[in-house]
Structures are given as structure tokens and as C-alpha cells.
Amino acid sequence: MKYLFSLPLFCCLLAPLAAQEAYLPWRAENFAIAAPLGGLQGDAARGRAIVASRERGNCISCHLLPIPEHPMHGTLAPPLFGVGARLSAGELRLRVVDEKLINPETIMPAFYRDPARYHRPHPDHATTILTAQEVEDVVAYLVTLR
Amino acid sequence: MRRVLLAAIALLPLAAPAWEQPVSGYAYLPEQMQAMQDDEFENPGMYTVEDGGTLFRAPGYNGNSCAGCHGDNGSGLDRKGIARYPVYSTRHGGPLTLHQRINDCREQHLDEFPLTYDEPELIKLETFVRHLARGEPVNVDVSGPLKPWYDSGKALYHTRIGQLDMSCHHCHDRYVDLKLRDQVLNQGHSNAFPAHRLLTGGVSSLHGKFRDCYATLRALPYEVGSEEFIALEVYLHARGNGLPIETPGIRR
């Protein structure tokens with residue numbers, strides 16, 4: 001009975017562990033990842049929020065995007081206007097997941113790379129940058145940029 | 001024919017990459033910040049210089065003070081000598097940063113216990129001493145015994161780190177002049193350090209800045225005063241050879 005009270009506390013302590021989902025392996029073929037990560041369905045509206053958010057995607061820190069309500073987009077990387085017309089969903093997915101497979105010299109972070117391959121990651125950030133669902137959301141948004 | 005073509009290609013003047021001409025971070029500051037750095041009364045880093053000066057004149061454990069040997073305002077210190085740090089020290093068998101030199105001097109001549117790296121008192125003293133050489137071009141000799149540290153610092157500078165998996169080289173060599181959000185990327189030179197940073201509202205040492213850079217890349221930083229950061233310091237100072245010392249500079 002005494003231990004019953006500590007059960008909620010125990011659950012709270014475990015919660016952050018549960019929030020960290022397992023890394024899903026993916027396979028690139030022909031410069032694209034054709035299948036959605038984990039078969040998940042992306043949502044373009046959520047993707048737009050992730051792209052603009054400083055904490056999550058932070059894409060606008062380098063890319064110019066049609067998100068006028070946020071000022072100060074970076075100029076470090078190519079603008080992404082019309083990128084959905086130039087590249088397929090699979091090609092976009094690979095570029096979000098790990099651009100280094102296309103350009104090994106790139107500055108662009110890999111947003112869904114095996115965390116075991118990071119060099120000296122901070123313990124607070126030893127996960128993929130985005131979750132699989134977030135990657136799919138971002139891809140769903142980028143496809144709409146025509 | 002082919003040989004002639006190859007020879008012709010070899011004779012073409014090689015365009016030097018932009019980063020081989022060092023440009024101080026000062027040039028990348030907005031006008032107001034440049035004015036703030038130039039004006040001794042506006043520059044908030046000058047408080048640290050004054051604090052450093054007070055420590056410089058304060059008696060140590062055995063009653064001596066830095067000023068006792070080097071003059072009240074550090075007039076006995078050689079400006080050109082300050083600009084040569086980090087130097088190779090036979091006693092240490094490796095590089096000796098200005099920070100360590102001051103700490104050693106306190107220990108040997110004031111009978112003080114050595115302070116740990118980046119302790120506020122040492123940062124103040126370093127800021128004061130480097131400020132004495134303001135305007136003096138950085139002049140670190142890495143052709144001699146410092147070469148191995150220069151090389152490993154250079155390797156560290158080009159190593160991708162952290163969750164963002166970028167290196168210093170990416171931002172501060174390859175994408176200089178471009179904008180990350182509203183911030184223009186500069187060449188990442190060390191000539192303004194210890195510098196007053198607007199982000200923290202205080203004077204930060206070079207190693208403190210390294211630690212922040214590592215945090216930005218979501219990487220696990222090395223310890224301040226570690227062999228890795230000292231090697232990086234040797235590389236960065238030598239990379240910015242010729243730039244005027246701006247301590248205390250104003251940086252983001």
C-alpha cells in the first residue's frame with residue numbers, strides 16, 4: 001500500500017523516456033526515400049509550423065520560405081519557393097532526412113539521422129532532430145510549395 | 001597536347017578562398033555596435049578592464065603586485081609580446097596562453113594559489129592585459145614548436161560536432177557574409193576576445209565563446225582550459241594573424 005503512492009511519481013519519471021520514440025531505419029534509393037517514415041501520414045499545416053519554429057525545424061533560419069508572418073529569413077541556403085514543383089515527395093524526404101547523402105560537404109543538418117552517428121552530441125540532444133511524424137509533416141508542407 | 005593543357009591549367013592563378021584574407025568581426029557589426037566598441041566611455045567592456053587594472057595593482061599574498069614589476073598601468077609590458085600569445089613554453093612543453101601566463105605569474109611572483117581556468121578574476125586580468133595591446137596586430141608564430149597544436153586545432157575547427165553536425169569551418173569560412181536569421185556570419189576571428197557579449201551582457205573569454213558555440217551546435221563542449229580548446233585557440237589566433245587586437249570588443 002505504501003508503494004502505491006510512489007507509483008504516479010515513478011510514472012512521471014519514466015515519461016521523458018517514453019516520449020523518445022525509437023529511431024526508425026530508412027532506405028534511400030535513386031536519391032529519394034519513396035516510403036514515408038514508419039508509414040506515417042504528414043499534415044501540411046503542422047509542417048508549416050515546424051518549418052517556422054525556432055525550436056523544431058528552424059528552416060527559415062537559413063532558407064527563404066513563403067512564411068511572411070515571420071521576419072528575418074536567412075540567406076545561407078537556397079530559397080524554397082516552388083521546391084514542391086521541382087522535387088518529388090520522396091526526393092524532398094531524403095533531403096530533409098539526410099542531405100549529406102546528396103552533398104557530403106553540406107552545412108545542412110540531417111533531421112532524421114541515426115543518432116549513434118553523431119560526434120560528441122550533447123546528452124540533451126542525442127536524438128534525431130525531428131521525430132518521424134515531424135519529418136512527414138514537413139515533407140507534406142514542402143510538397144505544397146508549387 | 002594533353003600535357004600542354006595540364007601545364008596551362010597548372011599555371012592559372014589560383015583564386016584564394018575568401019577566408020584567406022582575414023577580416024575582423026568588427027566589419028560585420030551594425031554601425032551602433034561599432035561606435036559602442038570604439039568609444040571608451042560607451043564600451044561596457046571597459047568596466048572589466050578597470051576591474052582588471054584594480055586587480056593588477058592589488059597586493060598578492062606576499063605583498064607584491066603585478067604593478068610592482070610591470071608598472072602601475074602595465075606600462076612595463078611589451079605590446080608586441082602580448083600580441084604573440086599563445087607562445088610555446090619549454091617549461092610546460094606546450095602552448096602557453098596569455099590566460100595561463102598571467103596565472104603562472106601570480107603563482108610564482110605573488111605566492112598566490114593558481115586559479116582555475118576562466119575564473120572571473122583571471123578573465124578580468126586577461127582583459128586588462130590584452131587591452132594594453134589594443135591595435136597591435138596579432139602575431140602568433142606557428143612555424144616552430146607550436147605547429148602540432150596549430151594542426152590539431154585546425155583539425156578540430158574542421159570537425160563536425162553535435163546534433164547539428166556542422167563544424168566551425170562551415171559557418172565561419174564557407175558561409176561568411178550570408179545571413180543566419182538576421183545575423184551576418186563573420187569569419188570567427190579571436191582578435192576581439194575577451195569581448196563583451198550582448199547575449200550574456202558580460203565579458204566572455206575565448207574559451208567561454210567556444211563553449212557557447214558547442215552549445216549552439218548541440219554538442220558536448222570540452223572543458224575550458226582543456227588541451228582541445230587551447231589547440232583551437234592557437235589555431236584561431238594564428239588564423240587571424242595581422243588583425244588588430246580589439247579587446248574588449250563588442251560581439252553578439
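The legends below describe close-up views of a predicted model. Local features need pLDDT of at least 70 and side-chain atom pairs pLDDT 80 or more, while totals for chains, interfaces and linings use all residues. Residues are numbered from 1 along each chain as its sequence is written, and side-chain values use heavy atoms, without hydrogens and water.

**View 1. Helix 6 of chain B, residues 98-109.** Helices are DSSP runs (H or I, at least four residues), numbered from the N terminus. This one has 12 residues and reaches 16 Å from first C-alpha to last, close to the 16 Å expected at 1.5 Å a residue (1.5 Å times one less than the number of residues). After helix 6 comes B:Asp111, with a positive phi near 55 degrees.

**View 2. Buried residues of helix 6 of chain B.** Among them are B:Leu98, B:Ile102 and B:Arg106; buried means under 20% relative accessible area (1.4 Å probe, protein chains only). Their cover includes helix 5 (79-83) and helix 11 (227-239) of chain B.

**View 3. Helix 6 and helix 7 of chain B.** Their axes, lines fitted to C-alpha atoms over the stretch in contact, come within 9 Å and cross at roughly 110 degrees. The two helices are therefore roughly perpendicular (65 to 115 degrees, on a scale from 0 to 180 between N-to-C directions). Residues of helix 6 in this contact (heavy atoms within 4.5 Å) include B:His99 and B:Asn103, and those of helix 7 include B:Glu121 and B:Val129.

**View 4. Chain A against chain B.** Here 30 residues of chain A are in contact with 24 residues of chain B.

How values were computed: Chains lettered and ligands numbered in written order. Buried < 20%, exposed > 50% of the residue type's maximum accessible area, 1.4 Å probe, protein only. Parallel < 35°, antiparallel > 145°, perpendicular 65-115°, else oblique.
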